[in-house]
There are 2 protein chains.
Amino acid sequence: MPRLATLSTVLLAAGVGGCAPAAPSFTDADADALRAAPGQFTSAMLAGNWDAFNNTLLTNDVVFLPPNGTAIEGREAVVAFLQTFPKLASFTATATDVAGAGDWAYIRGTFSFTTAADSAPAMTEQGKFLSIHRRDADGTWRITHDIWNSDLPLPAPGN
Amino acid sequence: MPRLATLSTVLLAAGVGGCAPAAPSFTDADADALRAAPGQFTSAMLAGNWDAFNNTLLTNDVVFLPPNGTAIEGREAVVAFLQTFPKLASFTATATDVAGAGDWAYIRGTFSFTTAADSAPAMTEQGKFLSIHRRDADGTWRITHDIWNSDLPLPAPGN
C-alpha cells in the first residue's frame, strides 16, 4: 500500500499525528520481487553460484525441509546440502501464489528438473514447493523456509 | 486496498486528524492460537470430524500439496481428499516455528502417524510440514496452504 505509506509520511511530517511508524507495507513491487525468486534460485543452482545463495537468496537461519530426509538448518548446512545435488541439465521453478504482510511472505510454486547423464542415468523430477521469505534489514527478500515434494507416484515395489 | 479506503474515510470523518487504524497486529495470542492448530488438525482427523475442517480449520480457498500427487484446491476437494485417508490409530503434529504479520502466518512443524490394522498392515510415517494460515474476517486463523513430506528414506528397490 504505497499510497498509505506516503500519506502517513505526509501527516507525520506535518505534525498532524503522533502515530507510530507503520511496519513496511507489502507492495506490488514486493510481490514482483518474490515472483522472480524461483528463477533466481534455479539459475544459481544451474550455475553452481554458491555466492548467490550465501549473499542474496538465503537468510542466515534458513531451514530446508527435503523429502526423505530430516530438516537442514542454517545457511552453511543448506548450501552444503545443495552442493550434494547431482549436476542438473535443466531446472525450472515458477511461482503460483505469492502473498505477504509486513516483512514476511510466502510463495507456492511448481518445479521440474532433469539431472545430467554424466555419471548416472538422467532422472526427471517434477513437483511443488512452498517457501517462506523474510525482508531482511538490508531490504532484500530472502528464503527462510523451503519445502517441496514430488508430483510423481512412488516407484512401484520391485522397480 | 480496503485499509486505504478505511483510512481515508476515517481521516475525512475526523477532519484529517488522528492515527491510521493499523492492520491487526500479530500478537502472542495469535502465535498461541497457531501453535494449537496442529493439535486441532490431528484431533479432527482422528475423530473424522469433517465439520471442524469445513467450519474452523480450512479457508474456502485452501490448497493442499501432498507428496506423490498433484495440488488439491478448494475446501470441498481437500475434505474429500482427507476422507480417503486410511483409518489412523495415532496421529500427532507439533509446531516447531510460528511467525506472522498482519493477517498472515506460517507454521513449520513435524508429524507422525500410524494407520490402523483394520484392512491392511499398519504403516508408520513421520515427517515435516509447512502451512500458511490466514486470519479470516471472522477473526479465526485458518489453513490456506499445507505441504508435507517424509523424513524416512525412499523404499529400496525391490522392497
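Colleague: What is the strand order of the open sheet in chain B?

Modeller: This is a predicted model. In chain B, six strands form an open sheet with mixed pairing. The order is S2-S1-S6-S5-S4-S3.

Colleague: Which strands of chain B are the edge strands?

Modeller: An edge strand here pairs on one side only.

Colleague: Over how many bridges do strand S4 and strand S5 of chain B pair?

Modeller: S4 covers residues 104-115 and S5 covers residues 124-135 of chain B. B:Phe113 stands opposite B:Glu125 of S5(B). The two strands pair in the antiparallel sense, and the number of bridges is eleven.

Colleague: Which strands does helix H5 of chain B touch?

Modeller: Helix H2 (residues 28-35) of chain B packs on the sheet, at about 160° to the direction of S3(B). H2 touches S3, S4, S5 and strand S6 (141-150) of chain B. Helix H5 (residues 75-83) of chain B also packs on the sheet, and its direction makes about 55° with that of S1(B).

Colleague: On to chain A. Why is one side of S2 and of S3 left without a neighbour in the sheet?

Modeller: The six strands of the open sheet in chain A run in the order S2-S1-S6-S5-S4-S3, with mixed pairing. Strand S2 (72-73) and S3 of chain A stand at the edges, so one side of each has no neighbour in the sheet. The reason is that each has a single partner strand.

Colleague: Which residue stands opposite A:Leu130?

Modeller: S5(A) and S6(A) pair in the antiparallel sense over nine bridges. In S6(A), the residue opposite A:Leu130 is A:Ile147.

Colleague: What angle does the direction of H3(A) make with that of S3(A)?

Modeller: H3(A) packs on the sheet. The helix touches strand S1 (58-65), S3, S4, S5 and S6 of chain A. Its direction and that of S3(A) make an angle of about 155°.

Colleague: How much space lies in the largest cavity?

Modeller: Searching the whole structure gives two cavities of 30 Å³ or more. In the largest, the space comes to about 280 Å³.

Colleague: Which element gives the largest share of the lining of the largest cavity?

Modeller: The lining has 20 residues, with A:Phe41, A:Phe91, A:Phe129, A:Asp146 and A:Trp148 nearest the centre. By class, 17 are nonpolar, two polar and one charged. Elements of chain A that give two or more residues include helix H5 (75-83) and strand S4 (104-115). The largest share is four residues, from H3(A).

Colleague: Which elements give two or more residues to the lining of the second largest cavity?

Modeller: The second largest cavity has a volume of about 90 Å³. It is lined by 14 residues, and those closest to its centre are A:Trp104, A:Ala105, A:Tyr106, B:Trp104 and B:Ala105. The lining divides into twelve nonpolar residues, two polar and no charged. The elements asked for are S3 and S4 of chain A with S3 and S4 of chain B.

Colleague: Last, the rings. Why is the pair of A:Phe26 and A:Trp141 edge-to-face?

Modeller: The count over all chains is 22 aromatic pairs. In this pair the centres lie 5.7 Å apart. Planes over 60 degrees apart count as edge-to-face. These planes stand at 80°, so the pair is edge-to-face.

Colleague: How many residues apart in sequence are the parts that this pair ties together?

Modeller: A:Phe26 lies in the loop between helix H1 (2-13) and helix H2 (28-35) of chain A. A:Trp141 is in strand S6 of chain A, so the pair ties together parts whose separation in sequence is 115 residues.

Note on methods
Residues are numbered from 1 along each chain as its sequence is written. Chains are lettered from A and ligands numbered from 1 in the order in which they are written. This is a predicted model: local features need pLDDT of at least 70, side-chain atom pairs count only at pLDDT 80 or more; totals for chains, interfaces and linings use all residues. Side-chain values use heavy atoms; hydrogens and water are left out. Two strands pair if DSSP finds at least two bridges between them. Contact means heavy atoms within 4.5 Å. Axes are lines fitted to C-alpha atoms, for helices over the stretch in contact, and angles run from 0 to 180 degrees between N-to-C directions. On a 1 Å grid over the protein atoms alone, a cavity is a set of points where a 1.4 Å probe fits but cannot get out, and a pocket is an open set with protein on both sides within 12 Å along at least five of seven lines; lining residues have an atom within 4 Å of a point. Grid points are joined across faces, edges and corners, and a volume is the space filled by probe spheres set on the points. Ala, Val, Leu, Ile, Met, Phe, Trp, Tyr, Cys and Pro count as nonpolar, Asp, Glu, Lys and Arg as charged, and the others, Gly among them, as polar. Rings of Phe, Tyr and Trp (its six-membered ring) pair if their centres lie within 6.5 Å; planes under 30 degrees apart count as stacked, over 60 as edge-to-face and the rest as tilted.
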